[in-house]
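Here is a briefing on one protein structure. Keep the sequence and the 3D view open while reading.

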Amino acid sequence: RVEDNPSLNLALETAGQSSTDCIALACLEPRRWEHHQFGLARTGCAWKCFRVNTLIRLRTELLKHGISLWIGAGEPSTLVGQIRERFTISAIITDLPLATEEAVENRRLQNLGVKVLTTQSDELFQAANINSALEQLPCSFTRFRKTIEKDESVVPAHPVKFSGLGSPVAQIWLDPPELYEARYFEKQCYEQPRWQQYLESGALSTYKKTRNALEGANMSSRLSAWLAHGCLSVRQVWHDTLEYEESYGVNESTYWLRFELLWREFFRWYSRLIGSILFTKTGKNGGYEVINSESVLFGNWCSGNTGIDIIDAAMRELRQTGWLSNRGRQLVASHLIYEYDLDWRLGAAWFESQLVDFDVASNWGNWAYIAGVGADPRGGRIFNLESQAERYDPKKTYRDRWLGPSPRIFEH
């Protein structure tokens with residue numbers, strides 16, 4: 001994004017101080033675009049197409065400000081090495097690493113002998129402003145949230161409008177072929193989030209009541225993909241909700257979206273703290289046991305052929321669209337972990353390969369949370385699937401949509 005992007009602002013400031021050009025570089029890293037984990041691709045079509053389309057849009061926006069966006073396929077350090085062969089690099093600006101792989105990439109950049117500066121582009125708060133909450137990690141979300149909320153001086157910074165101007169620099173390589181995979185997808189799907197439309201509809205005033213709906217227009221904000229890909233500032237969203245309250249009034253629902261943004265904030269800092277432990281079977285708490293290693297069960301779960309209609313409907317929606325409601329994600333995770341007794345990391349890896357809004361901290365943090373090896377001191381979360389189906393899909397409209405007019409009988 002261009003607006004409220006601390007990395008871009010710092011890059012232009014640094015370039016101005018050294019009288020050099022500013023180049024934006026987007027890397028299609030092999031770890032995301034080519035590699036596998038647990039035998040699964042790291043990304044699916046939905047995520048790749050969203051990323052490619054939004055990068056193309058960003059390139060257009062940056063050029064309006066005289067800044068070139070170079071897009072290359074390869075490790076960041078490899079691409080920077082190629083740039084060094086043609087240019088002198090005074091500094092590299094990156095976002096603060098969110099997880100272990102990003103941290104490794106940053107260290108490789110530092111090993112090139114180039115000054116690397118990190119910024120916080122996608123958090124609500126600067127680390128220094130929530131130090132009292134960070135010092136308590138790893139703790140529960142509730143403790144983290146209450147520590148922040150009780151300090152009235154801790155508020156997200158107001159979004160910063162971008163007004164910089166650079167000088168375009170021609171890209172030294174051809175665009176990678178991955179960039180053209182998006183040509184046959186509807187461009188308007190990636191133009192901008194429907195956030196303002198959602199606010200204007202007044203739906204935020206009922207957000208807490210509707211956010212767990214399995215489907216339906218304006219039942220939730222649907223901002224997750226735009227936040228996960230960095231297209232929208234989380235600080236902008238926070239302050240938009242406050243402005244909304246001035247016009248529409250304050251209630252529990254208008255607060256609850258900020259509550260969910262605090263969950264996102266929590267998982268980001270939690271991920272940075274525990275590092276690679278986030279991806280281990282037993283997590284930080286230990287004691288997790290996998291009883292079943294049956295690959296057929298996992299295959300049935302992935303394809304939506306478990307014989308449990310609410311699970312099958314959700315898994316088919318995920319596979320076909322790259323999207324799943326918050327409640328749907330919790331139900332299918334509970335089923336894989338507690339009814340199939342499979343390794344929770346298989347589910348997390350499948351979500352990573354399918355979700356358009358994949359975010360490493362939120363995805364793996366939530367799966368660990370449901371499995372009882374994450375940040376919740378109470379242990380895992382087990383759902384009664386039959387009662388959940390009756391509560392959130394009483395007329396079976398959601399199941400009919402994804403399974404046909406005669407969904408299979410609910411079985412245990």
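Strand S1 (residues 23-28) runs parallel to S4, and the two pair over six bridges. Strand S4 covers residues 68-73. The model is a predicted one. The points below go from strands to helices, then to a loop residue and the salt bridges.

- S4 is mostly covered, with five of its six residues buried.
- Ala24 has Leu69 in S4 as its bridge partner.

**Arg59 in helix H3**

- Helix H3 spans residues 45-63 and contains Arg59.
- Beyond its neighbours within four places in sequence, Arg59 is in contact with Leu69, Trp70 and Ile71, and also with Gln171, Asp175 and Leu179.
- Glu61 is partly exposed, at 30% relative accessible area.
- Lys64 is exposed, at 59%.

**Strands S5 and S6**

- Strand S5 (residues 92-95) and strand S6 (residues 116-119) pair in the parallel sense over four bridges.
- Ile92 has Val116 in S6 as its bridge partner.
- From S5 the chain passes through helix H5 (residues 100-110) to reach S6, a β-α-β crossover that is right-handed.

**Helix H18**

- Helix H18 covers residues 385-392, and its buried residues are Leu385, Gln388, Ala389 and Tyr392.
- These four sit on the same side of H18, because they cover an arc of only 100° around the axis.
- An α-helix has 3.6 residues a turn, so residues three or four places apart point the same way.
- Glu390 and Arg391 are exposed, on the face of H18 turned away from its buried side.
- The cover over the buried residues of H18 includes helix H14 (309-321), helix H15 (326-339) and helix H19 (397-403).
- At the start of H18, Asn384 uses a side-chain oxygen to reach within 3.2 Å of the backbone nitrogen of Glu386.

**Thr306 in a loop**

- Thr306 sits in the loop between helix H13 (295-303) and H14.
- Is Thr306 buried or exposed? Its relative accessibility is 17%, so Thr306 counts as buried.
- A polar atom of the Thr306 side chain lies 3.1 Å from the backbone nitrogen of Ile308.
- The side chain of Thr306 also makes a polar contact of 2.7 Å with the side chain of Asp312.
- Leaving aside neighbours within four places in sequence, the contacts of Thr306 are Asn300, Trp301, Ile311, Asp312, His335 and Tyr340.

**Salt bridges**

- How many salt bridges does the structure hold? The count is 25.
- Lys161 and Glu3 meet through their side chains in one of them, at 4.0 Å from N to O.
- Lys161 lies in the loop between helix H7 (141-149) and helix H8 (195-200), and Glu3 in the segment before helix H1 (6-17), so the pair ties together parts 158 residues apart in sequence.
- Lys161 is exposed, with a relative accessible area of 66%.
- Glu3 counts as partly exposed, at 33% relative accessibility.
- Arg401 and Glu215 form another salt bridge, with the closest N and O atoms 2.6 Å apart.
- Arg401 is in helix H19 and Glu215 in the loop between helix H9 (207-210) and helix H10 (224-228), so this pair ties together parts 186 residues apart in sequence.
- Arg401 is exposed, at 57% relative accessible area.
- Glu215 is partly exposed, at 25% relative accessibility.
- A network of salt bridges links Glu29, Arg31, Arg32, Arg42, Glu101, Glu102, Glu105 and Glu352.

Note on methods. Residues are numbered from 1 along each chain as its sequence is written. This is a predicted model: local features need pLDDT of at least 70, side-chain atom pairs count only at pLDDT 80 or more; totals for chains, interfaces and linings use all residues. Side-chain values use heavy atoms; hydrogens and water are left out. Contact means heavy atoms within 4.5 Å. Buried means under 20% relative accessible area, exposed over 50%, partly exposed in between (1.4 Å probe, protein chains only). The arc is that of the directions from the helix axis to the C-beta atoms. A polar contact is a pair of N or O atoms within 3.5 Å; within protein, one must be able to donate a hydrogen and the other to accept it, and residues adjacent in sequence count only if both atoms are side-chain atoms. Two strands pair if DSSP finds at least two bridges between them. A crossover is right-handed if, with the strands pointing away from the viewer, the path from the first strand over the helix to the second runs clockwise.
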